[in-house]
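Reader: Please take me through the structure shown below, with the cut-offs behind each term, so that I can follow each point on my own screen.

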Amino acid sequence: MISEMGSGGAEALVAGMVTAGGEFGWESAVASGGGYRAEALRGRGVSTFPVPVPRRRAGGLLRAATATKAALRGFAPDVVLAHNVSASVVTRLAMLPGRTPPLLTVFHGVADADYGATTRILRHTSAAVVTVATATADRLRVAGLRSPDPVVIPNAVFPQAPTRNGAAVRACLGIAPRIPVALCVARLEPQKRHDVLLRAWAALDGDAVLLLAGDGSLRGELERLRDELGLGGGVRFLGDRDDVPDLLTAADLTVLTSDWEGMPIAVLESLAAGRAVVATDVDGVREVLEPGGGLLVPRRDPAATADALRALLFDADERAAVAAAGREAAHRGHDPRALMASYDRLLRGALAGVRR
């Protein structure tokens with residue numbers, strides 16, 4: 001269960017787990033609001049079920065729960081893995097009396113102010129709660145979640161080979177071969193603080209291009225800010241993309257200026273692709289980058305972000321050294337087989353508890 005199956009990080013995790021599940025004896029289905037990842041899974045023979053995104057309204061919750069009830073009847077799962085709180089609420093509302101599989105929640109994070117409400121919900125919805133980073137588990141415990149006690153399974157990146165090389169991607173985007181390129185893969189929503197990134201970019205000297213892969217409610221506002229800052233063609237809004245591995249081949253580094261994160265798949269994808277990262281010093285981002293792979297900056301600090309970008313974007317040797325350390329850290333600490341083995345133990349343990 002997940003709200004949508006588009007280009008986001010949680011969606012990438014779901015697609016990777018469903019695809020790899022056969023090696024662990026899983027047969028999986030996905031219930032969601034749809035998206036290109038759901039279509040790709042359906043094309044490979046995976047059962048998919050449409051569930052409208054509830055949008056936090058009573059009528060929306062009822063429609064989503066009704067669709068989820070149909071999915072539960074149609075697939076009859078042994079266990080349900082719901083990604084984030086809204087999917088957990090919808091699934092709990094849809095559970096049929098006498099036919100209730102264990103519901104486990106994968107918690108990817110919320111804003112600081114929302115941890116109290118999140119904890120109150122998870123106490124009543126979920127037999128187990130998985131957090132993607134130690135910091136988010138600690139925050140839930142501080143907010144009062146003791147039963148179920150959060151289990152930490154760090155995110156991993158499932159390999160996805162690019163279909164084009166960097167030169168071809170740059171040619172399509174009209175970017176000269178030697179121009180430094182930074183890539184930000186993130187929804188254009190308040191959490192991601194693209195305004196901070198644009199102000200940092202405006203402080204840089206020298207020719208460089210910033211690619212923004214993602215779409216959202218703030219696109220118009222951010223395009224206006226770009227124009228007000230005089231950034232012109234130095235900042236490209238690419239919209240929602242399904243070719244991030246290709247874009248990574250064209251980028252020299254990636255950047256993420258979020259106010260909060262769980263453990264962003266975009267950062268892990270960057271490290272696995274051998275790209276250095278500049279990102280805000282928040283929760284799971286810190287856990288990923290502490291072993292190496294990038295520079296951490298304070299959140300909401302355009303000047304510090306500009307300094308970090310400058311240090312890597314225009315120094316190829318330093319960038320290569322940081323990227324090499326990051327690739328090794330990603331391989332060592334975020335292996336997809338280790339992630340799958342951890343989830344497999346958790347799911348089978350939940351099932352065994354029910355059968356007892």
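Reader: In which helix is the place of Thr 91?
Author: This is a predicted model, in which local features need pLDDT of at least 70 and side-chain atom pairs count only at pLDDT 80 or more, while totals for chains, interfaces and linings use all residues. Residues are numbered from 1 along each chain as its sequence is written, and side-chain values use heavy atoms, with hydrogens and water left out. Helices are DSSP runs of H or I with at least four residues, strands are DSSP runs of E with at least two, and both are numbered from the N terminus. On that numbering, the run of residues 85–94 that holds Thr 91 is helix 4.

Reader: Is Thr 91 buried or exposed, and what is its relative accessible area?
Author: A residue is called buried under 20% relative accessible area, exposed over 50%, and partly exposed in between, using a 1.4 Å probe and protein chains only. Contact means heavy atoms within 4.5 Å, and beyond its neighbours within four places in sequence Thr 91 has contacts with Met 1, Thr 68, Val 80, Ala 82 and Leu 103. Thr 91 counts as buried because its relative accessible area is 0%.

Reader: What covers the buried residues of helix 4?
Author: The residues in question are Val 85, Ala 87, Ser 88, Val 90, Thr 91 and Ala 94. An α-helix has 3.6 residues a turn, so residues three or four places apart point the same way. The cover over the buried residues of helix 4 includes helix 3 (58–75), strand 3 (80–83), strand 4 (103–107) and helix 5.

Reader: Which residue has its backbone oxygen 2.8 Å from a polar atom of the side chain of Thr 118?
Author: Thr 118 lies in helix 5, residues 115–125, and it is buried because its relative accessibility is 6%. Outside the four places on either side in sequence, Thr 118 is in contact with Val 85, Phe 107, Val 110 and Leu 140. A polar contact is a pair of N or O atoms within 3.5 Å, where within protein one atom must be able to donate a hydrogen and the other to accept it, and residues adjacent in sequence count only if both atoms are side-chain atoms. The backbone oxygen that lies 2.8 Å from a polar side-chain atom of Thr 118 belongs to Asp 114.

Reader: How far is Leu 140 from Gly 109 in space, C-alpha to C-alpha?
Author: Leu 140 is part of helix 6 and counts as buried because its relative accessibility is 0%. Apart from residues up to four places away, Leu 140 touches Phe 107, Tyr 115, Thr 118, Thr 119, Leu 122, Val 129, Thr 131, Leu 145 and Pro 150. Leu 140 and Gly 109 are 31 residues apart in sequence, and their C-alpha atoms are separated by 9.5 Å.

Reader: Which residue is joined to Ser 147 by a cis peptide bond?
Author: Most residues other than glycine have a negative phi, and most peptide bonds are trans. Here the loop between helix 6 (134–142) and strand 6 (151–152) holds Pro 148. With omega at about 5°, the cis bond runs from Ser 147 to Pro 148.

Reader: What value is phi of Asp 283 near?
Author: Asp 283 is found in helix 12, residues 283–289, and it is buried because its relative accessible area is 7%. Phi is positive in Asp 283, a residue other than glycine, with a value near 30°.

Reader: What percentage of the 356 residues in the protein is made up of buried residues?
Author: The protein has 15 helices and twelve strands. Its radius of gyration, taken over C-alpha atoms, is 21 Å, close to the 21 Å from the globule rule (2.2 Å times the number of residues to the power 0.38), so the protein is as compact as a globular protein of that length. Among contacts between residues at least 6 apart in sequence, 64% join residues at least 24 apart. Of the 356 residues, the buried share is 53%.
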